[in-house]
Amino acid sequence: MEQKELRAWEARCVQEETVRCTAACPLHVDARTFCKLMAEGRMDKAWAVLAKVMPLPGVLARLCDGPCKAACVRKDAGGAVEVDGLERYCASAAKPVAPPRPLPARNKRVAVLGGHLAGLCAAWELARRGFEVTLRCVDPGGPLRDLPEAALPKGALDGEIESLARLGVTFEACAALTPALLDAELADKDAVFADGDAFPAIFDGCGLPDPLTLGTQRAGLFASAPGEPSAVLRAAAARRAANSVDRYLQGVSMVTARELEGPCATRHFTSLEGVAPVPPACPDGCPDEAAARAEAARCLQCQCLECLKGCAYLRHFKGYPKVYARQIYNNESIVRGTRTANKMINSCMICGQCEAVCPEDFSMADLCLDARRTLVARGQMPPSAHEFALRDMAFADGGRCVLARHAPGTGSSAYVFFPGCQLAASDPDGVAAAYADLRARLGDVGLMLQCCGAPAHWAARDAMADDAAAALRARWEGLGSPRIIAACPTCMQELARTLPGAEIVSHWSVLRTLGLPDGAAGGGSLAISDPCAARRAPVLRDDVRNLLSGLSVDAAEPRFTGETTPCCGFGGLLSEANPELGLAVARDRAQSMDRDWVTYCVMCRDMMARAGGRALHLYDLLFPRVEDPAGRPAPGYSERRENRVRLRERLLREVWNEAADHEAEPFEAVQAAFTEAAAQNMETRRILASDVRKVLLQAERSGKHLLRTETGRRVASFRPAVVTYWVEYEPADDGYLVHNAWSHRMRIKGGQP
Amino acid sequence: MSLIKLPELDGAGWTCASCDEPLVPMARELEYLDSKFTVELPTCPKCGYVLIPEEIAIGKMFRAEQLMEDK
C-alpha cells in the first residue's frame with residue numbers, strides 16, 4: 001500500500017473527524033470532552049478543557065451563546081445539550097486556572113488598539129503566539145463593565161485582565177483612539193490590530209476588513225468588523241486576525257488552508273438509532289451541580305463506529321477502520337520483525353456489512369483482500385491461515401467429488417443445477433432431493449458438483465482462483481453453457497464473477513415460479529438470517545421470504561438483516577484463520593434471537609449449529625427428511641468430505657446407473673474407529689480421518705512406532721505433505737482404535753516419517 | 001546454533017517398538033519456514049525415531065510456528 005492509498009483509506013473513515021459541536025464552535029471547544037467531565041462531576045478538569053482553547057475563559061464561558069447547539073446531534077432527541085448553560089455553571093463552580101504559557105518570543109511587536117472584547121481577545125491570542133503585545137485603550141473591558149453582575153461578575157473580567165498581564169501584555173492607557181495614534185503605532189510596531197467596536201473610525205474611507213484575513217487596505221493593519229452581537233464570534237474574529245498577523249509577519253500566504261478556522265464543515269456521523277429522547281435538565285441555566293451533571297449526561301458522546309455495531313470482528317481488534325488501515329500499512333512496511341496485523345487481516349469475513357452501514361462506504365473487505373494479496377505476493381502469508389481450507393477446496397474440485405452431467409437420457413441441458421460444495425458436504429440428501437425435484441418439474445436439468453472457487457478468492461490466491469475458474473468454465477461450456485440454478489448465495493456471487501455472461505438464477509427464484517415441491521412443510525415462527533452473500537441481492541432475499549410465506553412461516557427479522565446482515569463467521573475464511581473468533585461470531589448471531597433460525601446458506605446453518613444454536617436450512621422445510629432438523633449437528637471436516645464423495649457415488653448409481661469409478665487408495669482400506677475424545681481433538685485441530693489412516697498405514701507398513709509403557713498404547717507419526725500428524729492408538733478387532741491425534745507444521749530433520 | 005532443552009521431556013515411559021529401546025533425550029534439528037532449531041527431544045538411540053508429545057506440539061511448538069509465520 002502506498003502512502004497515498006493509506007491517506008485515501010483513512011479519509012473514508014469519519015470516526016476521527018471533528019465532532020459536530022466542536023466543528024460548529026467558532027473557537028473549536030471540545031464540548032464532547034467538556035460534557036463528559038461535567039457529567040462525571042469533574043468540574044476543574046472540565047474547566048481546563050474550556051480554558052485550553054478560550055481566550056479570557058472567565059469572560060467568554062459566561063458570555064457564550066452556544067452556537068454549537070444548532071449542530072448538536074442530541075437536538076433531534078429531546079433538544080440540544082445546553083452547553084452554554086453548562087459553561088456558565090462551570091465558570092462559577094470550577095477553580096480558575098492560570099493562563100497558558102506563551103510560545104517562545106517571536107521578537108515582533110504588535111499593538112492592539114481598543115480594549116472591548118475583540119481587542120482583549122486579540123491581545124490574548126497574540127501574546128500566546130509569542131508576540132510582544134501592547135494594548136492601547138481607554139478602559140480595558142469597555143462596555144463589558146456595563147453588563148449586569150449576574151451575567152459577568154466584575155471579578156471575572158478583572159481576573160482575566162490580570163491573566164493578560166501575566167501573558168505579558170503591556171497596557172498603555174490613552175485618552176482616545178485617534179487616526180494619529182493609529183499612524184504612530186503602525187510606524188512603531190510590526191503589525192497592528194484594531195478592535196472595530198472600540199475604534200469604528202478606523203474604517204472611515206477604507207471599508208470593512210477582508211472577511212477571510214481581516215486585513216485592511218493598510219499594510220500591517222488588521223481589524224475586527226464592528227457590530228458583531230455574538231461574543232464567541234468576536235473572539236473568533238480576534239483569533240482569525242491573530243493568525244493573519246502571524247502569517248503576515250512570517251511572510252507566508254494570507255489565504256491558503258484557512259478553511260478550518262472558525263465554524264467549519266465536518267463529515268462526522270453519529271446515529272440516533274436507539275437513542276431515547278430526553279429533554280434538557282435545566283433549559284434556563286443550571287441551578288446546582290446535580291442539574292448540571294444531569295444536563296451534561298445528555299451529551300451523546302458522539303462517535304460514528306457504525307461498522308462496529310454489527311461486526312464482532314471489527315470490535316475484536318479494538319480499533320476501527322481508520323486504525324486498521326494504518327496497521328495494515330505499517331504491517332506492509334515491516335522488513336525485519338513481527339507482522340502483528342496478519343491475524344486482523346485474515347480475520348475479516350469479506351462480507352461487506354461495514355460498507356453497507358458506513359456513511360462513507362468504507363470496505364474492510366476490499367482493504368483486507370488487498371492486504372492478503374500483498375502478503376501472498378511477497379510470500380508472507382502465514383501458511384496455517386488458509387491451507388486447510390484450500391486443501392478442502394482442492395478435494396471438492398477433485399475427481400472424487402466433481403460431476404458435470406446432462407440429466408440422464410438427455411444430450412443437452414436447458415439448465416444446470418449447481419448446489420455448491422458445502423451444501424453437498426452438509427446435506428447431501430437435500431441436494432439429491434432438490435435435484436430430483438428440479439428434473440421432475442423442469443426436465444433437462446444437468447448437474448454440476450464442485451466448488452465455486454470462493455475459498456481461493458478469500459485467501460487472495462489469484463492464480464489458484466483463476467485455474468479453478470477455468471476448469472469450472474470448461475465443464476460448464478462442456479454442458480453447452482446452460483442457465484445455472486444455484487442454491488448457495490456465495491456460489492451465485494462467485495459464479496457471476498467467474499462466468500461473466502452466464503445466466504444465473506437462484507434455486508429460490510425457480511421454486512417461487514414453479515411453486516413449492518410436494519411434501520414441503522413449514523409453519524411456526526422462525527428468525528430469518530440472510531447470508532452475507534445475499535446483501536446485494538434484494539430479489540434473492542424477497543424470493544426466500546415469499547417461499548417462507550408460502551410455507552406459512554412467520555419470519556421474524558433480527559436487528560441486522562437484509563442489506564446489513566452480518567456474516568456467520570465462515571466468510572472470508574475467518575473460521576479457518578481464527579477459529580475462536582469465527583465461533584464467537586456465530587454464537588453472537590445464534591443468540592441474538594429467541595427462536596430457531598432459518599437461513600438459505602448451509603454454512604450459516606452449520607456455523608450456528610456449531611456454536612450451539614438451532615438453525616434450519618431452507619431445504620429442511622422444502623424437502624423435509626429428518627425429525628428436528630434444527631437440532632442436526634454440523635458435520636465435521638471428515639464427514640463433509642465423505643458426504644461429497646458419497647453424494648457423487650449415489651447420484652451416479654441412482655440417477656445415471658453407473659458404478660463408482662474411483663480406485664480406492666491403500667490408506668482408505670485401513671480400518672479405524674475413533675474415541676469421542678479423539679474425534680473432538682481431530683475436529684478442533686483440523687486433522688482428517690484420512691490423515692490418521694495415512695499415519696496408521698505408514699506405521700503398519702514400516703513397523704515403526706513408539707510405545708507408551710504405562711498404557712501400552714502406540715504412537716506413530718507421518719508427514720504426507722506439509723503437516724506432521726501424530727496418532728495414539730491401539731490395535732482393535734480388525735483394525736485400530738484411535739485415542740488421540742495431534743499435529744505440527746515444523747519438520748523433524750533426519751528421516752522421521 | 002544453541003541447543004534448546006525441554007527438561008520436562010526426558011523420554012521416560014516411552015520405548016521404540018521396533019528397536020525395543022527406551023527413548024533418551026537427544027539433540028534433533030527442527031525446521032519451519034526459514035528457521036532452524038536444535039532441540040533436545042526423546043529419541044530412539046538406535047533408529048533415531050523422535051517423539052513430539054501432544055503437549056509440546058499444541059503448546060510451545062504451535063506458538064513458535066505462529067510467531068515464525070508472522071516474521
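Me: What covers the buried residues of helix 17 of chain A?

Reply: Keep in mind that this is a predicted model. The cover includes helix 1 (3-12), helix 13 (312-316), helix 14 (321-333), helix 15 (342-347) and helix 16 (353-357), which belong to chain A.

Me: And which residues of helix 17 of chain A are buried?

Reply: A:M364, A:A365, A:L367, A:C368, A:A371, A:R372 and A:L375. They take up an arc of only 165° around the axis, so they sit on the same side of helix 17 of chain A.

Me: How far apart are the end C-alpha atoms of that helix, and what should its 14 residues span?

Reply: The ends of helix 17 (residues 364-377) of chain A are 20 Å apart. At 1.5 Å a residue the 14 residues should span 20 Å, so the two agree.

Me: Switching to sheets. What's the strand order in the open sheet of five strands in chain A?

Reply: The order is 6-8-7-9-10, and the pairing is mixed. Strand 6 (403-405) and strand 10 (504-506) of chain A are the edges, each pairing on one side only. On average, neighbouring strands in this sheet are turned by 25° against each other, ignoring direction.

Me: Which helix packs on the sheet?

Reply: Helix 24 (residues 507-514) of chain A, which touches strand 9 (483-486) and strand 10 of chain A. The direction of helix 24 makes about 70° with that of strand 10 of chain A.

Me: Do strand 7 and strand 8 of chain A run parallel or antiparallel?

Reply: Parallel, with three bridges joining strand 7 (residues 415-418) to strand 8 (residues 445-449) of chain A. If you want a spot to look at, A:V416 is opposite A:G446 in strand 8 of chain A.

Me: OK, on to the two chains. How many residues are in contact between chain B and chain A?

Reply: 25 residues of chain B contact 30 residues of chain A. On the chain B side, strand 2 (14-16), strand 4 (24-32), helix 1 (54-58) and helix 2 (60-69) each give at least two residues. Strand 4 of chain B has the largest share, with five residues.

Me: Which strands pair in the antiparallel sense between chain A and chain B?

Reply: Strand 16 (residues 706-708) of chain A pairs that way with strand 2 of chain B, over three bridges. A:L706 is opposite B:C16 in strand 2 of chain B.

Me: Now some loops. Where is A:P283, and is A:P283 buried or exposed?

Reply: A:P283 is in the loop between helix 10 (231-250) and helix 11 (289-296) of chain A. A:P283 has 11 other C-beta atoms within 10 Å, and 12 or fewer counts as exposed, so A:P283 is exposed.

Me: And where does A:D596 lie?

Reply: In the loop between helix 27 (579-590) and strand 13 (597-599) of chain A. A:D596 counts as partly exposed because there are 18 C-beta neighbours inside 10 Å.

Me: Which residues is A:D596 in contact with, leaving aside neighbours within four places in sequence?

Reply: A:L526, A:R614, A:A615, A:L616 and A:A630. As for A:L514, A:D596 is 82 residues from A:L514 in sequence and 27 Å away in space, C-alpha to C-alpha.

Terms used. Residues are numbered from 1 along each chain as its sequence is written. Chains are lettered from A and ligands numbered from 1 in the order in which they are written. This is a predicted model: local features need pLDDT of at least 70, side-chain atom pairs count only at pLDDT 80 or more; totals for chains, interfaces and linings use all residues. Two strands pair if DSSP finds at least two bridges between them. Helices (H or I, at least four residues) and strands (E, at least two) are DSSP runs, numbered from the N terminus. Axes are lines fitted to C-alpha atoms, for helices over the stretch in contact, and angles run from 0 to 180 degrees between N-to-C directions. Two residues are in contact if their C-beta atoms, placed from the backbone, lie within 7 Å. The expected span of a helix is 1.5 Å times one less than its number of residues. A residue is buried if 20 or more other C-beta atoms lie within 10 Å of its own, exposed if 12 or fewer, and partly exposed in between; C-beta atoms are placed from the backbone. The arc is that of the directions from the helix axis to the C-beta atoms.
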